[in-house]
Structure formats: C-alpha cells, structure tokens
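This report looks at one helix and at a few charged side-chain pairs. Please keep the sequence and the model at hand while reading.

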Amino acid sequence: MTPSNPDDAFLREVDEGVRRDQVASLWQRYGIVSIVVVVVLLAALAGWLWWRDQSAGKAGVAGEEFARAVEQLDVGEGARARPVLDRLATDGPAGYAPLARMVQASDAVASGDTARAVKLLDAVAADSKVGQPLRDAALIKSVRLGFDGLPPATVVDRLKGLAVPGNPWFGIAAEMTAIAQLKAGKPDAAKPLLTAIVLDESNSPSMRGRAAQLALSLGVDQRTLKLDAAAPSAASASTPAASPQPAP
C-alpha cells in the first residue's frame, strides 16, 4: 500500500534515519564503556578465583606444616619445630598465626619461660582479627599462668566477661575470680560465684567439689548448694581450704 501523502513517507524515512544515527551515536559513546566494564568485571572475577585457589593452597600447606611442628614438639624435636612455628606466627594464613602463637606459648611454659608465654597469649587475646573463642581461650590461659603475680582486681577485671553463667568458660573463670575476691578480702563477692559453680552441672565434679568446699568454709548453707549431708565433698569441707589456687 502506497502512502497517501508522499511527505509522510519522506518524514518516516527521515525519522528512521535519525533513530539509526542516535543508536549508532549511543553505541559509539557507551558501547565501548560497556565492553570495558564487562572486561574489568571478568578480570576481577578471575582474580578473585585465582586468589581463592592460592589462599586455599597456602592454607593447606600451612595446615600440614603446623600439624608436623606440633608432632615434632611432642617428640622432643623442638629445634625443627620452632622455626616453622615462628614463621607461621608471623605470616601464617587462614588463622594459623594465632594457633602458632598458642603453641609457642605452651612450648614456652614447658621451657620455663612463663613471661614469654603470657606475652604471646595476651597478644592473641587482644587481636580483634582473631575469632572470639580463641581469644577467650588465650585470655584464660594467660590469667591462669600469671594468677599468682596479678593483683586480685586485675584478675576480676580481665575475667568479668567470662565469669558469667552460660559462658563456655564460666567454671574456670568464676573459680579464679572467686579466689581473687578471697585474696582481696571480699568473701561476700566470692560466695555467689562459688555457689553458681556448684549448681552448674556442666562443670566437672572435681571443680564443683572444690567450689563446694570453699563455699561451705565461707558459711554458705549446704541446702543452698543442694548437697547431700553424706556427700564426700560436704564432709571434707569441715575445714577451710588452706591456700586456694586455680585449677591447673
């Protein structure tokens, strides 16, 4: 069908030509940019995949080296293990650095260098990049090692976040806090902690027994502790513990 008006046909042709020119202009203006963006994104993805594979490979190697170093320490081959642990503690990948420092601390304790062990553990406990469970474990170990030389107020302050019922470290943290309170001459502050330890059945029998002895020696009612009068722990608590110390 021929157009009724030749001018209309001409105008449509002109309009189509202008649109083609606009599309071509947009492609020239933005098409190259789009290609560049896609290329950059693909390069970034390739780089991330390469980094992930490299990291996984390094973590696997570090894991093998770490396990081997621990085994060597266990069999008395510290001379071979320590350089590896030193390197992992400095730049070990995927969390092996704090683990290596924890093992270094244990090695320092075995060598009689408690001060170095405490320093290593405190570094792990203060490192915000380390997972909280490992930081808490390092803090507990550090306080246990330095307990005798720490002011009671320092022990209480450092463990206040862990000496809370429900915390995985509650038992040992509460025990050390209670003993610190006793050393500070504050038995009334120690009683609730000792009672909570006794009542928490997730704690070991030996820990609950120690806490019961101390609590009873401080005048806590046996019924409060829910102890059987004939129980060995209650019977043995007739005299106060001589010099309470945190569990080894």
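A residue is called buried when its relative accessible area is under 20%, exposed when it is over 50%, and partly exposed in between, with a 1.4 Å probe and protein chains only. The model is a predicted one, in which local features need pLDDT of at least 70 and side-chain atom pairs count only at pLDDT 80 or more, while totals for chains, interfaces and linings use all residues. Residues are numbered from 1 along each chain as its sequence is written, and side-chain values use heavy atoms, with hydrogens and water left out.

**Helix α7**

Helices are DSSP runs of H or I with at least four residues, numbered from the N terminus. Helix α7 covers residues 170-183, and its 14 residues reach 20 Å from the first C-alpha to the last, which is close to the expected 20 Å, a span defined as 1.5 Å times one less than the number of residues. Because 12 of the 14 residues of α7 are buried, the helix is largely enclosed by the rest of the structure. Among these buried residues are F170, I172, E175, M176 and Q181. The elements that cover the buried residues of α7, where contact means heavy atoms within 4.5 Å, include α5 (132-146), α6 (152-159), α8 (187-199) and α9 (205-217). After α7 comes G185, whose phi is positive, near 75°.

**Salt bridges**

A salt bridge is counted when a side-chain nitrogen of Lys or Arg lies within 4 Å of a carboxyl oxygen of Asp or Glu.

| Pair | N to O distance |
|---|---|
| E65 and R87 | 3.2 Å |
| K160 and D157 | 3.1 Å |
| E175 and R210 | 2.7 Å |

The salt bridge of E175 with R210 joins helix α7 to helix α9, so the pair ties together parts that are 35 residues apart in sequence. Is E175 buried or exposed? With a relative accessible area of 4%, E175 is buried, whereas R210, at 29% relative accessibility, counts as partly exposed.

E65 and R87 form another salt bridge, and this pair links distant parts of the chain, with E65 in helix α1 (residues 6-74) and R87 in helix α2 (residues 78-91), 22 residues apart. R87 counts as partly exposed at 39% relative accessibility.

In the pair of K160 and D157, K160 counts as exposed at 57% relative accessibility, while D157 is partly exposed with a relative accessible area of 44%.

Technical notes: Helix = DSSP H or I, 4+ residues; strand = E, 2+ residues; numbered from the N terminus.
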